[in-house]
Amino acid sequence: MAWSRCSSGSGVHLQGVAGAEEDLDPFTNERAPQRHRSRVLGWTHSPLQGNDLAVLKEALSHSTEGVTLALNFDGITDEVFCGSGLVESLSRGVAVVELFGNSLGDQSCQELARILRSSGISRLKLGDNKVGDDGARALGVALEGNSTLVQLHLSNNCIGDDGVIALAHGLLANRSLTSLSLRNNYFGSSGVAALAMALSRPGCSLVELQLKRNLVGAAGATALALALPVNSSLRVLELESTGLTASEARLLARALERNRMVHAVNLNENNIGDGGAESIAELLNCNTMVSTIGMRGNGITAKGALHLAAALLARTSSLTGLDLGENQLCTEGVMYLASSLSVNQHLLSLDLHANKIDAQGIEALTQALTKNGVLRHLDLASNFAQDQGAALVGQLLKSNTSLTRLCLTDNEISSNGGAALLQGLQDNTTLCFLGVGGQSAVPPRANAIKGIIRTLLNKRLARNRTLA
C-alpha cells in the first residue's frame with residue numbers, strides 16, 4: 001500500500017480531506033489507513049527550498065484545530081528544524097505531526113519534547129530518523145506531564161536500552177498514550193523489562209506495543225510474561241524478529257492464558273518451532289480473546305500444524321486470522337489444517353505462502369472449503385500448485401461464496417491453469433482479488449499465463465469488485 005499524503009513539490013498544501021494518514025500494520029507490514037481524519041499541511045518527498053519553512057509557519061499561524069503537519073522524507077536536519085522556529089508554531093491547532101524519513105536527531109526531539117508540555121498534539125511520528133537515547137530521554141520526561149499524546153512512533157531510529165528505559169519511566173506517570181512503536185532500534189532485554197514494568201502499572205493506557213527487530217530474548221520475554229497477566233489495556237503485541245525460541249513462546253502463551261484483553265500477537269520471524277506452535281495451540285484452547293496470531297517464518301512443520309489444527313477444531317476457538325507463511329508445513333501439515341477448516345466457522349484469513357504445498361495439499365484445502373462458508377482471505381503464494389492445483393481452485397470458485405482474496409502467485413501455473421481459474425470465475429461474484437503473477441518457475445517450454453487470460457481474469461475480478 002503506497003503512501004497517500006499531501007502532494008509533492010515545493011510550496012504549502014492545505015487539504016480539507018480526510019484520512020490520508022497511514023501506519024505500518026503489525027502483521028502485513030503494509031500501510032494501513034488510520035481512522036482519524038484531519039486537514040494536511042505540508043509536503044512530502046521534496047527537499048525544502050528557500051523560504052518554505054517561513055511560508056509554512058505563516059500558514060500554521062492561520063490554521064484551525066485538527067491540522068496534520070506532514071513533512072515526510074524532506075531531508076530536514078536538526079539544524080534546519082531547530083533553527084527555523086517551526087516548533088513554536090505547533091501549539092496552534094496542530095493535532096498530528098509527521099516527520100518520517102528525515103535526518104532528525106536528539107536536538108529536534110528535545111525541542112519537540114518541550115512543546116509537548118503545552119500543545120494539543122495527539123500523534124507524533126518520528127520514524128526513520130536519527131533519534132538516539134538523549135532524544136528518547138527528553139520525550140520520556142515530556143510523557144510524564146502530557147495528557148494529549150495518544151501515539152508515539154519512533155521506529156527505525158537509534159534508541160538503545162537507556163532511551164527505552166527513560167520512555168518507560170515516562171509511561172509510569174502517563175495516562176494518555178495508547179500506541180508506542182519502537183521497531184528496528186537497538187535495545188534489548190533491559191529496555192523490554194522497563195516497558196514490562198510500565199505495562200504492570202495500574203492505569204496503564206497502552207493498547208498497542210510494537211517491538212519488532214529488537215532483541216527481546218529470554219530475559220525480556222520473562223519480564224513481559226510477568227506483566228501480561230496483570231495488564232488490562234494492551235490489545236496488540238508485536239514481537240516479530242525478536243529472538244524468541246520455543247521456551248519464550250511457552251512463557252508468553254502461559255501468561256496470555258491469564259490475560260483476557262490481548263487479541264493480536266505477532267510472533268513472525270522467530271524460532272519458536274513446533275514446540276512454540278504447540279504452546280500457542282494450548283493458549284487458543286483456553287483463551288477466546290486472542291483472534292489473530294502471526295507465526296510466519298518459525299520453522300514449524302507438520303507436527304506443529306497438527307496441534308494448531310486441533311485448536312481450530314475446539315469449540316473455544318475464536319481465531320479469525322492465522323499467518324503460517326514461510327514455514328515447513330508441506331502437504332502433510334496442510335492436510336491437518338484442511339481437516340479443521342471443514343468444521344471451523346471462525347477463521348477469516350489464512351496465510352500458507354511458501355510451505356511447499358503441492359496439488360495434493362491444494363486438493364485437501366479446496367475440499368475443506370466446499371464445507372467452509374466463512375474464510376475470506378487465503379494466501380497460497382510460492383507453493384507448487386501447478387496447473388492441477390489451479391484447476392482444483394477453479395472448480396472451488398464455481399460454488400464458493402466466501403473467498404474475497406486469493407493469492408496463487410509463483411505456483412508454476414501456465415495458461416492452462418489460468419484458463420481453469422477463469423472458468424471458475426465465470427459465475428463467481430465474491431472473489432475480488434486474485435494473485436496469479438510471478439510464475440517464474442514454469443519450464444521454458446510451457447506457456448506462462450498469457451496476457452489475454454490475465455486481462456479476462458482482471459475483468460471478472462473488476463466486475464466482482466463493483467458488486468461487493
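**Exercise 1. A positive phi in a loop**

Is Arg 213 buried, partly exposed or exposed?

Solution. The model is a predicted one.
- Step 1: Arg 213 has a relative accessible area of 46%. Buried means under 20% and exposed means over 50%, so Arg 213 is partly exposed.
- Step 2: Arg 213 is placed in the loop that runs between β10 (208-210) and α7 (217-227).
- Step 3: Although Arg 213 is not a glycine, its phi is positive, at about 60°.
- Step 4: Glu 269 is also a residue other than glycine with a positive phi, here near 55°. Glu 269 belongs to the loop between β12 (264-266) and α9.
- Step 5: With 31% relative accessibility, Glu 269 counts as partly exposed.

**Exercise 2. The overall make-up**

State how many helices and strands the protein has, what share of its residues is buried, and how much of its contact set joins residues 24 or more positions apart.

Solution. 
- Step 1: There are 15 helices and 18 strands in the protein.
- Step 2: The protein has 468 residues, and 55% of them count as buried.
- Step 3: Take the contacts with a separation of 6 or more; 86% of these are between residues 24 or more positions apart.

**Exercise 3. Helix α9 and Ser 279**

Solution. 
- Step 1: Helix α9 covers residues 273-286.
- Step 2: The buried residues of α9 include Gly 273, Asp 274, Ile 280 and Leu 284. They pack against α8 (246-257), β13 (292-294) and α10 (302-313).
- Step 3: Ser 279 is a residue of α9. Its relative accessibility is 0%, so Ser 279 is buried.

**Exercise 4. Strand β5**

Why is strand β5 described as largely enclosed, and with which strand does β5 pair?

Solution. 
- Step 1: Strand β5 spans residues 67-72; six of the six are buried, so the rest of the structure largely encloses β5.
- Step 2: In a regular strand, side chains alternate between the two faces of the sheet.
- Step 3: In β5, Val 67, Leu 69 and Leu 71 lie on one side, with Thr 68, Ala 70 and Asn 72 on the other; both faces are covered.
- Step 4: β5 pairs with β6 (residues 94-98) in the parallel sense, over four bridges. Ala 70 has Glu 98 of β6 as its bridge partner.

**Exercise 5. Helix α14**

Decide how far α14 is enclosed and name its packing partners.

Solution. 
- Step 1: Helix α14 runs over residues 415-425, and eight of its eleven residues are buried, so α14 is largely enclosed by the rest of the structure.
- Step 2: Among the buried residues are Ser 415, Gly 417, Leu 421 and Leu 425.
- Step 3: The buried residues of α14 pack against α13 (386-397), β18 (433-435) and α15 (451-467).

**Exercise 6. Side-chain features**

How many disulfides and aromatic pairs are there, and which ring lies under the charged end of Arg 405?

Solution. 
- Step 1: A disulfide requires two cysteine sulfur atoms within 2.5 Å. By this rule the model has zero disulfides.
- Step 2: Cys 158, at 39% relative accessibility, is partly exposed; Cys 330, at 30%, is also partly exposed.
- Step 3: The number of aromatic pairs is zero.
- Step 4: The charged end of Arg 405 is placed over the ring of Phe 433, at 4.1 Å from the ring centre.

Key. Residues are numbered from 1 along each chain as its sequence is written. This is a predicted model: local features need pLDDT of at least 70, side-chain atom pairs count only at pLDDT 80 or more; totals for chains, interfaces and linings use all residues. Side-chain values use heavy atoms; hydrogens and water are left out. Buried means under 20% relative accessible area, exposed over 50%, partly exposed in between (1.4 Å probe, protein chains only). Helices (H or I, at least four residues) and strands (E, at least two) are DSSP runs, numbered from the N terminus. Contact means heavy atoms within 4.5 Å. Rings of Phe, Tyr and Trp (its six-membered ring) pair if their centres lie within 6.5 Å; planes under 30 degrees apart count as stacked, over 60 as edge-to-face and the rest as tilted. A charge sits over a ring if NZ of Lys or CZ of Arg is within 6 Å of the ring centre and within 35 degrees of the ring normal. Two strands pair if DSSP finds at least two bridges between them.
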